[in-house]
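This report describes a single protein chain for a reader who wishes to relate computed features to the atoms. The account moves from surface accessibility to charge pairing and then to the backbone.

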Amino acid sequence: MRPTDLSTTRRRLLQSLGVGAAGAGLGTTVGAADPTAAPNSMAQNSQSNSIDPIFGLASAEPNPCGGDADASCFESFPAAVRPDHEVEMHIGLPGLLLALAEQGGFSEPTTTTVNLEAADGDIVARNLHRPDATVEIETPDGTVTRTVAEIAELVTATVGFHFEPAGIHVNPGDVVLFSAETPDHAVAAYHERHGRQNRVPDSVGPIASPQIPVGGSWLYRFETEGVYDLYCPPHQVFGMVMRVVVSEGDSVPSLSVEDTGRPPGEETFLPDILGGFDPNVPSSHAALTAEPLEPSNIVENGTVSWEVVVESHREP
Ligand SMILES: [Cu+2]
């Protein structure tokens, strides 16, 4: 997908709620994103031709694989760091819903009935409170009118902050390109040195990217066989996690979880930035324990879409 133009409304809302601020602590030890170095950063990266086993290789330069590029975009990278796979980082929040949230959302009991219907992803309009009532929403492009039933459909269409795919199987030594299609994302492994449960193979360090600017990218080479659970530091509280399974052929490595720190969060704060609308998107914990992200399923399918994880979570 091409980078989404965030509406000013959405941007303002996310800023006012501090959604963007949570990532500020990351990246102080990783200098690649220094804006004064931007004109030379790609050249320096290309010359370094190496992917650090902890900090990977970041670039703020335009990502050859950004937007709708096909797999031939990998050829644009120097051979020594050429990616074998791509994972995109997205913010799946409809601008119209954010605009409605900003102007106060719905009164009760409408919000509650919308959330009850959205919980299983299947909106039955007659179950909503006054489904044909209309609401006017102020947007940067003018005022739009929507019915309660249409807003309910928007709520179920909301998949939130996510990696795409959310599950991926790679061979040992493969390079994964993480593409920032929207702002404010980063990648970190669940690791005790990040104050988390260890959810990476033994001997794997505290993998971390800097915060990646829109249109930029981060490369990481997965060398050690096993299961890697990753999160986006600013968006972990909204369920933005993913799983990389590294193995030869069809072998399925087992999950290794050590209680060395905080486990993946069991709560999602998505309703807090959606004016109380709850699209029932899985928390970090719910996503990482969902059936579609079981290592065997990831190996069998090669990749697992975030939407599949959301659908399985919403099943009644
Ligand atoms: Cu993110």
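A residue is called buried when its relative accessible area is under 20%, exposed when it is over 50%, and partly exposed in between, with a 1.4 Å probe and protein chains only. The model is predicted, so local features need pLDDT of at least 70 and side-chain atom pairs count only at pLDDT 80 or more, while totals for chains, interfaces and linings use all residues. Residues are numbered from 1 along each chain as its sequence is written, and side-chain values use heavy atoms, with hydrogens and water left out.

Of its 316 residues, 50% count as buried. Taking contacts (heavy atoms within 4.5 Å) between residues at least 6 apart in sequence, 75% join residues at least 24 apart.

A surface patch of negative charge is formed by Glu 291, Glu 294, Glu 307, Glu 311 and Glu 315. Such a patch consists of residues with over 30% relative accessible area and no salt bridge, like charges being joined within 9 Å; Asp and Glu count as negative, and the charge of Glu is placed at CD. Glu 307 belongs to helix H9 (residues 306–314) and is partly exposed, with a relative accessible area of 46%.

Val 310 is also found in helix H9, but at 2% relative accessibility Val 310 counts as buried. Leaving aside neighbours within four places in sequence, Val 310 is in contact with Val 159 and Pro 282. Val 310 and Asn 280 are 30 residues apart in sequence, and their C-alpha atoms are 8.1 Å apart. Asn 280 itself lies in the loop between helix H6 (270–273) and helix H7 (284–288), and has a positive phi of about 55° although it is not a glycine.

**Salt bridges**

The whole structure holds 4 salt bridges, each a side-chain nitrogen of Lys or Arg within 4 Å of a carboxyl oxygen of Asp or Glu. Three of them are tabulated here.

| Pair | N to O distance |
|---|---|
| Arg 82 and Glu 75 | 3.7 Å |
| Asp 229 and Arg 199 | 2.8 Å |
| Arg 243 and Asp 229 | 2.7 Å |

In the pair of Arg 82 and Glu 75, Arg 82 is partly exposed at 29%, whereas Glu 75 is exposed at 54%.

What is the burial state of Asp 229 and Arg 199? Both Asp 229 and Arg 199 are buried. Arg 243 in strand E11 (residues 241–246) and Asp 229 in strand E10 are 14 residues apart, and their pair links distant parts of the chain. Arg 243 is buried, at 2% relative accessibility, as is Asp 229, at 0%. Through shared partners, salt bridges join Arg 199, Asp 229 and Arg 243 into one network.

**Backbone features in loops**

The peptide bond from Glu 108 to Pro 109 is cis, with omega near 5°; Pro 109 sits in the loop between helix H3 (95–102) and helix H4 (110–118). The bond from Glu 164 to Pro 165 is likewise cis, with omega near 0°.

Terms used
Patches are made of residues with over 30% relative accessible area and no salt bridge: like charges are joined within 9 Å, nonpolar side chains (Val, Leu, Ile, Met, Phe, Trp, Tyr) within 5 Å. Accessible areas come from the Shrake-Rupley method with a 1.4 Å probe; for residues, only the protein chains shown count as cover. Helices (H or I, at least four residues) and strands (E, at least two) are DSSP runs, numbered from the N terminus.
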